[in-house]
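Please look through the two chains below. A short report on them comes after the display.

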Amino acid sequence: MVETFQRENNRAASDLDFHQLVDVEAGWIDRRIFWNADIYQLELERIFARCWCFVGHESQFTEPGDFLTTHIGQDAVIVAKDRKGEVNVFLNSCTHRGNRVCFAEAGTARQFTCNFHGWAFGLDGGLVSIHEEEHYSACANFDKSKLGLHRARTQSYKGLIFATFDPEAPSLDEYLGDYRYYLDVLLDNDPGGTEFLEGNVKSRLRSNWKFAAENFVGDAYHAGWTHASAAEAIFGRGVKVNPEKSFQASVNGHGTEFGLDLIGNAMALGEPEVVDYLKENEARFAERLGKLRAKMVGAMSSANVFPNLAYLPGLNTWRTWLPKGAHEIELNTWVLVNRDAPKSLKEAYRRGISRTFSPTGMFESDDGENWEHCTHSNAGVVTRRQKLHYGLGLDSAIDHEEFPGKIHRVQLNDANQRAFYKRWADLMSASDWSSLDNN
Amino acid sequence: MEKEEGMVSNLVELGEASQIPKGEMKAFSIDGLGEIAVYHVDDEWFATDDVCSHAVASLTEGWLEGFTVICPAHSGEFDVRSGKALCFPATEPISTYQVWVEGGKLLVNTTPNKNDDTHASSPQCQ
């Protein structure tokens, strides 16, 4: 039996040695990180209230007043475009009694007015007016300029909008670092840029958020087994990894595992028009991305931007794993396409993703059940004492002449998962950003 | 709107009509009266008080949607044609004024219109 290296005890979560819980050098992980409610609360503080979290795509905000609601960790936020064209992110909680000020998922608004006492907030979160304002005229600590909805810092990268509540966090460019090279595979293969197709699908999974994130950051290994029947149904054959031409790359906990096959994942959509588009446009992609990187568009691959934005470069599905407690996530998914792509191609992506990576999709339903059981098996106290093996590919690091970041050969590997958990442990341990290394 | 005879003493010129494109509105300060809001809706011109009847706020800092002006403070709504309050929390009407264009100039009669029907209807949001 595998011995437990850190027995459960009554210490506060903040006193835990997270680099011992997540032993990336030896490749073992303590299961409590997927179950313990105190650890989860510390994640909300030290991961989600600190990191740059994805909140939307610029294409979702065309006119002033366009807004959507989402969460950063479990903090409900409004993302809204103001009359100056700026996109603002602020808490969806009135500064008076804390009531939610917006109940819609998305729409166009002039302002956000609280149902309780009529406090009204502008598209930048500022307090515009309140009901019976004259009664506050003698109220010494009533200062409208200081009673706006708490704002997050907001920055964009090639259409993706991120926000952070941490004033000390590095810039988004620094946070993403060299991972931008890999984001560009989808975000910058066409001069017209990208857009989200209208609408998104929300679903709930009884999974710890990290099982979803680690699956996308590096788990090519599961595909040939978990998805064997679905792949057989769509391709007529199973999933095979090319050991010579496949890799894992990680930067600052962000990561992607990928082949260089152009159409490996795209074929899974079951939409011939998508495969034809990729083949016909490979040379165009190469003009922007270089020959090697152009082969990543559509390739057999998956990716996760730390902490909880994930996507499949071959399938164009983008998603967030919004934590709803230690054992549950709300999965939000969108379809990303090149803005200038033909309408029929956009519809082909939408159809293909509905078929594969929607709540009833052939692949997504395969994954969700596994993550749920990976999470809930840890209800057992003895089970929870048994650490999990993350040792695949410990000796697979390589230097690559083109690919930035930490590179490992063969996408069938635990290297990116270890890098994800190292970043997790670094953040969980660090008191502030200045004590964190970017790597 | 037709110009009425005998109101010349209350006539104020507000400058070029072209300063307010269709679908937009603008506030003008009138000596002895305060702020008047002028609206350009399709090919018609309307004018009301600029201050909301609910709380102190400038309607022209809000939104003009068709014939409806929406207060930026509490989202009260008024019909710019009649001054009628359309939506909670606005319940009292605002004054309206005759406004017209003559030789490219915007002219307003600063004597309020007599709007008999402005109290009659029940408020409703659009």
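What follows is a report on selected strands, residues and contacts.

## Basis

This is a predicted model: local features need pLDDT of at least 70, side-chain atom pairs count only at pLDDT 80 or more, and totals for chains, interfaces and linings use all residues. Residues are numbered from 1 along each chain as its sequence is written, while chains are lettered from A and ligands numbered from 1 in the order in which they are written.

## Chain B overall

Chain B has zero helices and ten strands. Here helices (H or I, at least four residues) and strands (E, at least two) are DSSP runs, numbered from the N terminus. The pattern along the sequence is β-β-β-β-β-β-β-β-β-β. Of the 126 residues in chain B, 36% are buried. A residue is buried if 20 or more other C-beta atoms lie within 10 Å of its own, exposed if 12 or fewer, and partly exposed in between, with C-beta atoms placed from the backbone.

Contacts mean C-beta atoms, placed from the backbone, within 7 Å. Among contacts in chain B between residues at least 6 apart in sequence, 47% join residues at least 24 apart.

Strand β2(B) spans residues 25–30 and strand β3(B) spans residues 34–41; they pair in the antiparallel sense over six bridges. Pairing requires at least two DSSP bridges between two strands. F28(B) has I36(B) as its bridge partner in β3(B). Three residues separate the strands of this hairpin. In the turn, G32(B) has a positive phi of about 80 degrees.

Residues 12–108 of chain B are 0% helix and 49% strand, with end C-alpha atoms 5 Å apart. Residues 52–163 of chain A are 0% helix and 38% strand, and the end C-alpha atoms there are 5 Å apart.

## An open sheet in chain A

Three strands of chain A form an open sheet, in the order β1-β2-β21, with antiparallel pairing. β1(A) (22–23) and β21(A) (388–389) stand at the edges with a single partner strand each, so one side of each is left without a neighbour in the sheet.

Two bridges join β1(A) to β2(A), residues 28–29. V22(A) has I29(A) as its bridge partner in β2(A).

## Two residues of chain A

Is L68(A) buried, exposed or partly exposed? L68(A) counts as partly exposed because 19 C-beta neighbours lie inside 10 Å. L68(A) sits in strand β4(A), residues 66–72. V79(A) is eleven residues away along the chain, and the two C-alpha atoms are separated by 5.4 Å. Beyond four places in sequence, L68(A) touches G56(A), Q60(A), V79(A), E105(A) and A106(A).

T375(A) lies in helix α11(A), residues 364–376. T375(A) is buried, with 24 other C-beta atoms within 10 Å. T375(A) and R32(A) are 343 residues apart in sequence, yet 9.9 Å apart in space, C-alpha to C-alpha. Beyond four places in sequence, the residues touched by T375(A) include F34(A), R206(A) and H327(A).

## Between the chains

The contact takes nine residues from chain A and eight residues from chain B. The chain A side has two nonpolar, five polar and two charged residues. Ala, Val, Leu, Ile, Met, Phe, Trp, Tyr, Cys and Pro count as nonpolar, Asp, Glu, Lys and Arg as charged, and the others, Gly among them, as polar.

Definitions and conventions: Contact = placed C-beta atoms within 7 Å.
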